[in-house]
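This report covers backbone geometry, helix packing and the pocket of one protein model. The sequence and structure follow.

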Amino acid sequence: MATEILEFEEPIAAILKEIEALTVQPHTDALDRQIESLRRRIDMVRRDLYRSLTPWQRVQVARHPNRPGLPEYIERLFAGFTEIHGDRRFADDHAIIAGFAEYHGEPVMVIGHVKGGDTKDKIYRNFGYARPEGYRKALRAMRMAAKFRRPIVAFVDTPAAFPGIESEERGVAEAIAVNLREMMMLDTAIVVIVSGEGGSGGALGIAVGDRVLMQEFAIYSVIPPEGCAAILWRDAAQKVAAAEALKLTAPDLLKAGLIDEIIKEPVGGAHNDPAAAAALVDEALTRVLGEVSAVEGEARLTARYDKFRAMGRLGADFLDEGG
């Protein structure tokens with residue numbers, strides 16, 4: 001699949017055009033060396049670009065259409081995935097999938113948002129905007145996991161919960177609120193990974209856990225930058241300023257104590273090398289899941305409660321920098 005070039009990656013696009021022009025010429029050893037040199041140059045340019053991304057550029061990376069989602073991570077990291085469908089109250093929400101699987105030979109429950117791949121799949125998945133039945137399905141699956149003492153791994157990647165009238169009629173706010181309460185009390189290990197776009201309550205509805213990890217170029221915020229700009233400035237074009245003000249990047253959130261760890265990504269982001277991105281997630285998840293699972297139930301629940309109660313108690317250093 002061709003990788004979409006983001007706006008700030010124009011220097012890379014120019015080199016790719018040079019390579020494309022060379023590949024149609026008659027093959028020679030000198031030509032091969034020239035193409036290889038240009039590819040090394042792309043790697044260097046990409047490394048420099050991704051070393052100093054702005055908050056808005058990180059938003060673009062988090063939303064990249066080729067960024068690996070939950071189906072890709074299930075395929076690469078988990079074995080024997082058996083999906084659970086429906087909330088037993090209304091319907092099966094395709095924007096959230098859940099199911100039992102094995103992770104390095106141990107049984108786990110995997111839950112997460114799915115934005116979809118091609119246009120047909122995006123429509124089927126509602127672009128990752130989950131409805132109340134999605135959160136109720138997730139909770140049904142999590143309760144099953146707790147019953148059978150299976151750890152839960154939750155992948156967060158959604159712009160927000162679906163804001164449509166039917167979603168409100170079926171109680172989306174109540175569904176998310178119940179999940180927040182119940183996840184706080186589930187007697188099993190829970191590890192949350194913000195893998196793409198963690199937006200608003202739609203993200204938080206499956207993001208209460210013993211550890212919250214976040215991929216390097218993912219974002220996590222109370223509202224998307226465009227929505228924030230429309231409310232504060234009445235101008236969605238102020239999204240760049242909003243992204244800066246929201247402190248939605250992984251380093252910002254780690255400093256604020258809202259996440260526990262940043263998972264590094266390959267040079268150029270997870271979309272540039274999904275296999276390497278999965279390997280990095282695997283390394284962090286194996287270690288963290290082992291640490292959390294080793295803690296006894298009551299102590300783990302107390303630590304989880306204290307962790308979330310402490311959020312918002314920001315230090316002077318963070319506040320001085322505009323947090």
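## Residues with positive phi

Ser 200 belongs to helix H9, residues 200–204; helices here are DSSP runs of H or I with at least four residues, strands are runs of E with at least two, and both are numbered from the N terminus. Ser 200 is not a glycine, yet its phi is positive, about 60°. Its relative accessibility of 29% makes Ser 200 partly exposed, a class between buried (under 20% relative accessible area) and exposed (over 50%), with a 1.4 Å probe and protein chains only. The model is predicted: local features need pLDDT of at least 70, side-chain atom pairs count only at pLDDT 80 or more, and totals for chains, interfaces and linings use all residues. Residues are numbered from 1 along each chain as its sequence is written, and side-chain values use heavy atoms, with hydrogens and water left out.

His 104, also not a glycine, has a positive phi of about 50°. The loop between strand S2 (96–103) and strand S3 (106–113) holds His 104. His 104 is exposed, at 53% relative accessible area. Most residues other than glycine have a negative phi.

## Helix H3 and its packing

Eight of the eight residues of H3 are buried, among them Trp 56, Arg 58 and Val 61. The buried residues pack against helix H2 (29–51), S5, strand S7 (219–221), helix H10 (225–232), H11 and helix H12 (250–256), where contact means heavy atoms within 4.5 Å.

The axes of H3 (residues 55–62) and H11 (residues 239–246) come within 8 Å and cross at roughly 95°. Axes are lines fitted to C-alpha atoms, for helices over the stretch in contact, and angles run from 0 to 180 degrees between N-to-C directions. H3 and H11 are therefore roughly perpendicular, the class for 65 to 115 degrees. Pro 55, Trp 56 and Val 59 of H3 meet Lys 239, Val 240, Ala 243 and Glu 244 of H11. By class, this contact has five nonpolar, no polar and two charged residues; Ala, Val, Leu, Ile, Met, Phe, Trp, Tyr, Cys and Pro count as nonpolar, Asp, Glu, Lys and Arg as charged, and the others, Gly among them, as polar.

## The largest pocket

A pocket is an open set of points on a 1 Å grid over the protein atoms alone where a 1.4 Å probe fits, with protein on both sides within 12 Å along at least five of seven lines; lining residues have an atom within 4 Å of a point.

Of the 35 lining residues, His 64, Pro 65, Asn 66, Arg 67 and Gly 116 lie nearest the centre. H4 gives the largest share of the lining, four residues. The lining has 14 nonpolar, ten polar and eleven charged residues.

Definitions and conventions
Parallel < 35°, antiparallel > 145°, perpendicular 65-115°, else oblique.
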